[in-house]
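Subject: Structure handover

Hello,

I am passing on the structure we spoke about. Please have it open while you read the notes below.

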Amino acid sequence: MASLVLSSLCFTSQKPCSFTSSLRFSLGALTGSRSAAPLTVGFRPVKRRNGRIRVSVYSRASPLVFRDLDADDFRHPLDKQNTLILKAIPGLNELGRALLAGTVTEQIMLLENIGTSVLVSKDQLPELHKMMIEAAGILNIESPDLYVRQSPVPNAYTLAISGKKPFVVIHTSLVELLTRNELQAVLAHELGHLKCDHGVWLTFANLLTLGAYSVPGLGAFLAQTLEEQLFRWLRAAELTCDRAALLVAQDPKVVISVLMKLAGGCPSMADQLNVDAFLEQARSYDKASSSPVGYYIRNAQTRQLSHPLPVLRAREIDEWSRSNEYRSLLKRATQMNVVEKV
């Protein structure tokens with residue numbers, strides 16, 4: 001898999017200006033930076049004791065496991081459509097792997113993340129390790145490595161590098177902001193990127209955009225058009241990964257709560273946040289943008305974003321949680337055994 005940082009917690013609002021920056025996306029609140037943003041029902045927040053993060057004991061009822069789950073079973077329709085377009089381009093797969101194989105950028109990303117973070121394992125932050133193993137089992141995917149990194153910006157991202165095991169990085173501020181079940185939903189969101197091979201297709205999409213700049217005359221116009229199409233695909237990919245989060249959380253309020261907290265939450269007021277009120281806010285946004293002027297402003301506001309607006313993501317996951325498609329997936333699932341969770 002080509003080198004790529006995928007972050008799903010933030011919402012970036014700037015166009016990529018270089019190959020490296022265009023490969024990095026985040027999971028948090030809407031910002032003007034390239035590093036942007038990605039669930040609450042009776043779970044305790046993280047507490048500090050003696051200056052150290054104290055992770056509360058993680059416990060949940062045995063979840064449902066999707067033994068034969070395929071990425072297309074939960075992929076968002078817009079994600080499917082744009083992925084098929086990329087797959088239809090002759091030679092794109094070979095071109096991308098040839099251009100990115102063994103690059104210095106890969107090693108920089110790898111060493112920078114490993115050297116400044118703590119590797120989670122059964123002996124290091126075992127609660128987080130258990131969450132990741134369980135989430136990967138539910139989604140029927142091999143578990144990547146997981147790192148915790150000190151940062152005041154709530155965020156999480158996935159790094160996939162050719163020939164190496166992918167890994168997920170979560171920031172300490174995100175751990176403090178979310179409950180244990182919400183945090184697992186974030187890990188599931190990142191697993192969704194790996195399950196759907198978003199690393200590969202994001203890289204190829206960026207190659208297309210960068211290559212268009214070298215075309216004489218119409219290059220700039222083509223590149224701008226491709227960039228807009230790329231951002232549309234990126235936003236759809238995030239909606240897909242929100243669905244992966246729901247498949248693991250198996251409670252839409254958990255996923256929606258993550259989005260709400262990333263839009264405007266803080267640990268000191270987390271117990272006052274209301275998921276239903278946030279969904280009502282999403283409906284009011286739809287109403288406000290339904291007029292011709294509102295529709296124009298909405299498109300102008302979102303077309304350069306790599307992530308959908310948090311209220312729109314909340315509405316999407318709420319609607320999918322009540323769909324026949326989601327119910328059919330649940331009917332196919334089986335109960336996770338206690339032995340499998342250890």
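The notes below cover a strand and its neighbours, a helix with the loops on either side, and a pair of packed helices.

Please keep in mind that this is a predicted model.

Strand β8

β8 has two pairings to look at. With strand β6 (residues 145-149) the pairing is parallel and has 5 bridges; here Tyr147 is opposite Val169 of β8. With strand β7 (residues 156-160) the pairing is antiparallel and has 4 bridges; here Thr158 is opposite Val168 of β8.

Helix α5 covers residues 126-138. Its 13 residues, at 1.5 Å a residue, should span 18 Å, and the C-alpha atoms at its ends are 18 Å apart, so the two values agree. The buried residues of α5 are Leu128, Met131, Met132, Glu134, Ala135, Ala136 and Ile138; Glu134 is a charged residue in that list.

Two loop residues are worth a look for their backbone angles. Leu125 lies in the loop between β5 (117-119) and α5. Its phi is near 50°, which is positive although the residue is not glycine. Leu125 has a relative accessible area of 29%, so Leu125 counts as partly exposed.

With a relative accessible area of 38%, Asn140 is partly exposed.

Helices α10 and α11

How do α10 and α11 lie, and at what angle do they pack? Helix α10 (residues 252-264) and helix α11 (residues 275-288) pack at about 70°, and their axes are 10 Å apart. Angles from 65 to 115 degrees count as roughly perpendicular, and the two helices are therefore roughly perpendicular to each other.

On the α10 side, the contact is made by Lys253, Ile256, Ser257, Leu259, Met260 and Ala263. On the α11 side, Val275, Asp276, Phe278 and Leu279 take part. Sorted by class, this contact has 7 nonpolar, 1 polar and 2 charged residues.

Regards

Methods. Residues are numbered from 1 along each chain as its sequence is written. This is a predicted model: local features need pLDDT of at least 70, side-chain atom pairs count only at pLDDT 80 or more; totals for chains, interfaces and linings use all residues. Side-chain values use heavy atoms; hydrogens and water are left out. Two strands pair if DSSP finds at least two bridges between them. The expected span of a helix is 1.5 Å times one less than its number of residues. Buried means under 20% relative accessible area, exposed over 50%, partly exposed in between (1.4 Å probe, protein chains only). Axes are lines fitted to C-alpha atoms, for helices over the stretch in contact, and angles run from 0 to 180 degrees between N-to-C directions. Angles under 35 degrees count as roughly parallel, over 145 as roughly antiparallel, 65 to 115 as roughly perpendicular and the rest as oblique. Contact means heavy atoms within 4.5 Å.
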